[in-house]
Amino acid sequence: MKSVDLVGSAVGNTFRSKTRTILTILAIFVGAFTLTITNGLGTGINRYIDDTVAAMGADDVMTVTKVAENAADDGDGPREYDPDAIAGAQEGPPGTTSVVAPISSADIDELAGIDGVVRAQPVKSVDADYLVHDGGTKYEIGIGGFVAGMQLQLAAGEQPDAAASDFEVVIPDAYLEDLGFADADAAIGEPVTLAVTDAERTQHELEATIVGVSEASLGTSASAVPNDALNDALFDAQSTGLDASELDSYAQATVWFDPASPADEVTALQDRLTDEGYDSTTVAQQLGTFKAVIDGIVLVLNAFAIIALLAASFGIVNTLLMSVQERTREIGLMKAMGMGSGKVFGLFSLEAVFIGFLGSAIGAGLGILAGTGISSALGGALLADLPGLTLIAFDPVSIAVIIAVVMGVAFLAGTIPAIRAARADPVESLRYE
Amino acid sequence: MTTPILSARDVRKSYGRGANKFDALKGVSLDIREGESIAIIGKSGSGKSTLMHVLALLDQPTSGTVELAGHDTRSLTGTALNRTRNKTFGFVFQQFFLTANASVLENVMLPLKIAGVGRSERKRRALAALEQLELADKAKNKAVNLSGGQKQRSVIARALVNTPRVIFADEPTGNLDTATGAVVEDILFDLNREHGITLIIVTHDEELAARCDRRVHIRDGLIVDVVEAATATPATATAEERAA
């Protein structure tokens with residue numbers, strides 16, 4: 001028997017006992033549907049986290065702070081006062097303050113010299129007083145840092161150009177209405193004024209062009225993001241009147257490493273930085289634990305779906321055993337007519353695989369429809385505060401994997417009945433009444 | 001004399017072991033010439049079905065040999081055995097063994113499908129076989145909707161479709177009324193005479209057996225009598241067979 005005929009016969013036989021086949025397919029459908037939804041949930045949330053990571057920083061960058069000499073564990077008692085120490089900008093759990101030593105230009109040079117570091121640059125953090133558009137009301141705003149490679153989640157416009165010499169800024173969408181813009185697109189290209197106060201209590205105003213409007217998301221606060229030129233100008237204005245030693249003192253530095261380097265090389269680089277007395281955090285690490293929790297939850301949900309599939313696979317065994325029983329004579333006849341045992345086995349296991357395929361394809365298809373429906377319904381209501389989050393997203397590869405796995409399970413379930421059919425003795429089968 | 005198409009040599013077949021051992025065949029020797037029609041007659045439990053299964057290479061004898069056109073069939077295994085059965089034999093059963101919900105055409109094509117014949121070729125040959133049995137108009141009908149006679153004619157079409165050298169018929173008229181049975185008999189004997197297909201009929205119906213060239217009587221696993229139609233006396237024929 002040719003393979004194509006074997007497949008054709010198996011598919012044809014599947015529908016001979018329609019009710020039984022449909023019930024079995026339904027059982028598999030439930031498992032595949034659940035698996036698709038839970039998997040989609042994992043894909044959706046993790047994709048959102050990945051986007052957020054890109055909005056928080058580039059993936060070839062780590063934030064470096066210098067460990068203060070008196071940075072002992074909190075459990076060791078009160079910390080000695082250090083006039084040079086800077087309260088760390090990195091957030092810790094509530095109730096703790098991390099204290100870091102200042103990073104000077106010499107330290108930046110030292111960082112740049114460490115093996116694996118491509119480039120090091122101080123983080124010039126700016127405290128803006130207000131943001132104003134066209135002589136309107138002044139609003140307080142925070143200034144976020146931007147490094148090349150970051151991908152802000154934008155409602156309109158484009159990313160700030162790190163290389164541009166013009167002053168560019170991306171403003172959060174929460175400010176649009178109050179600044180007098182009709183929508184995000186209307187703000188693009190418009191001038192805004194940012195003000196900073198220097199050490200001598202003088203206020204400086206700088207005008208910049210809005211190049212983009214960012215959406216609020218998980219990792220970013222509602223802050224304006226300037227390009228390098230604007231940030232430097234703001235920092236210089238803010239630093240007016242400081243003496244040289246105060247100028248040369250930063251809380252954080254940004255270190256670039258080779259984006260192609262694997263995770264263990266990044267870890268090795270972080271170890272070397274630790275040896276030199278620096279703490280470092282990559283963006284991925286900042287969100288890593290969050291991702292691990294999501295993965296854990298998805299794993300548990302998937303486990304439930306797989307239990308449903310296991311139950312369904314016994315349904316396949318049952319369906320096919322009944323089928324083999326009913327078709328004893330037919331199997332005998334086919335064997336008498338010269339059909340080999342291997343082909344008989346193939347016929348029945350293909351039937352199992354086809355049942356598995358139908359159940360999983362229908363399950364995955366409806367799962368995608370239901371998931372898309374649920375996430376767009378939730379996106380408009382419950383999760384409206386998290387723009388950019390598609391709760392249940394689907395990745396063609398994982399859908400294909402689900403279908404393949406279900407077909408594999410169906411094949412395994414089909415082997416017991418298929419072996420029984422293959423072993424049937426034609427003489428005995430033909431005698432069967 | 002030409003080599004017989006099938007030749008059984010002291011074939012024994014037993015089932016079970018020890019106290020439960022049952023000897024279905026106790027040393028049967030029989031030559032079947034190409035193109036003849038032969039009836040194997042016996043009561044139920046006589047061993048006639050077992051003999052048919054052994055001759056059709058569906059079952060292996062416990063001892064003794066079966067030769068197919070002079071070749072020992074013990075050397076045939078696996079794929080070669082399956083191919084030989086598919087190409088050489090056609091089967092007609094009392095209970096028809098048609099797949100009820102498949103079309104008549106599908107049923108008739110089954111041996112060709114198993115042989116790996118292409119789709120259009122097998123359809124052409126199956127339709128030709130149905131034409132020969134005047135069933136072409138029923139090709140699309142489901143097998144379950146046919147009358148008994150039509151079913152048995154479909155089964156004969158299925159047995160013929162591979163142009164076999166031997167047709168085994170196990171009580172071919174057992175489930176048919178007398179008139180329909182007579183039609184089916186005529187078809188089988190026509191095939192035997194006009195196409196030279198060797199016909200081996202297993203039956204307990206003496207009238208059907210009487211139409212065959214030879215009648216072989218089996219009782220308790222042994223050939224007790226061989227009757228050549230309209231020729232030699234039973235005694236001499238039996239002696240010949242025993243000597244062989």
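How much area do chain A and chain B bury between them, and what share of it is on carbon and sulfur atoms? The two chains bury about 2,000 Å² between them. Carbon and sulfur atoms carry 61% of that area. The model is predicted.

## The interface of chains A and B

In this interface, 20 residues of chain A are in contact with 22 residues of chain B. The rule finds one salt bridge across the interface. Its partners are A:Asp5 and B:Arg122, with the closest N and O atoms 2.6 Å apart.

Which elements give two or more residues to the side of chain A that touches chain B? They are α1 (3–14), α10 (328–336) and α13 (426–431) of chain A. Of these, α10(A) gives the most, with six residues. By class, this side of chain A has nine nonpolar, three polar and eight charged residues.

## Salt bridges

Side chains of opposite charge can pair when their charged atoms come close. Over all chains, the search finds 21 salt bridges. One of them joins A:Glu330 to A:Arg16, the closest N and O atoms being 2.8 Å apart. This pair links distant parts of the chain, 314 residues apart. A:Glu330 sits in helix α10 of chain A. A:Arg16 sits in the loop between α1 and α2 (18–56) of chain A.

## Aromatic pairs

A pair of aromatic rings is described by the distance of the centres and the angle of the planes. The count over all chains comes to 10 aromatic pairs.

Why is the pair of B:Phe89 and B:Phe168 edge-to-face? The ring centres of B:Phe89 and B:Phe168 are 5.1 Å apart and the planes stand at 80°, so the pair is edge-to-face; the cut-off for that class is over 60 degrees. B:Phe89 lies in strand β6 (residues 89–93) of chain B, and B:Phe168 in strand β7 (residues 166–170) of chain B. The pair therefore ties together parts that are 79 residues apart in sequence.

Key
Residues are numbered from 1 along each chain as its sequence is written. Chains are lettered from A and ligands numbered from 1 in the order in which they are written. This is a predicted model: local features need pLDDT of at least 70, side-chain atom pairs count only at pLDDT 80 or more; totals for chains, interfaces and linings use all residues. Side-chain values use heavy atoms; hydrogens and water are left out. Contact means heavy atoms within 4.5 Å. Buried area is the accessible area (1.4 Å probe) that two parts lose on being put together, summed over both. A salt bridge is a side-chain nitrogen of Lys or Arg within 4 Å of a carboxyl oxygen of Asp or Glu. Helices (H or I, at least four residues) and strands (E, at least two) are DSSP runs, numbered from the N terminus. Ala, Val, Leu, Ile, Met, Phe, Trp, Tyr, Cys and Pro count as nonpolar, Asp, Glu, Lys and Arg as charged, and the others, Gly among them, as polar. Rings of Phe, Tyr and Trp (its six-membered ring) pair if their centres lie within 6.5 Å; planes under 30 degrees apart count as stacked, over 60 as edge-to-face and the rest as tilted.
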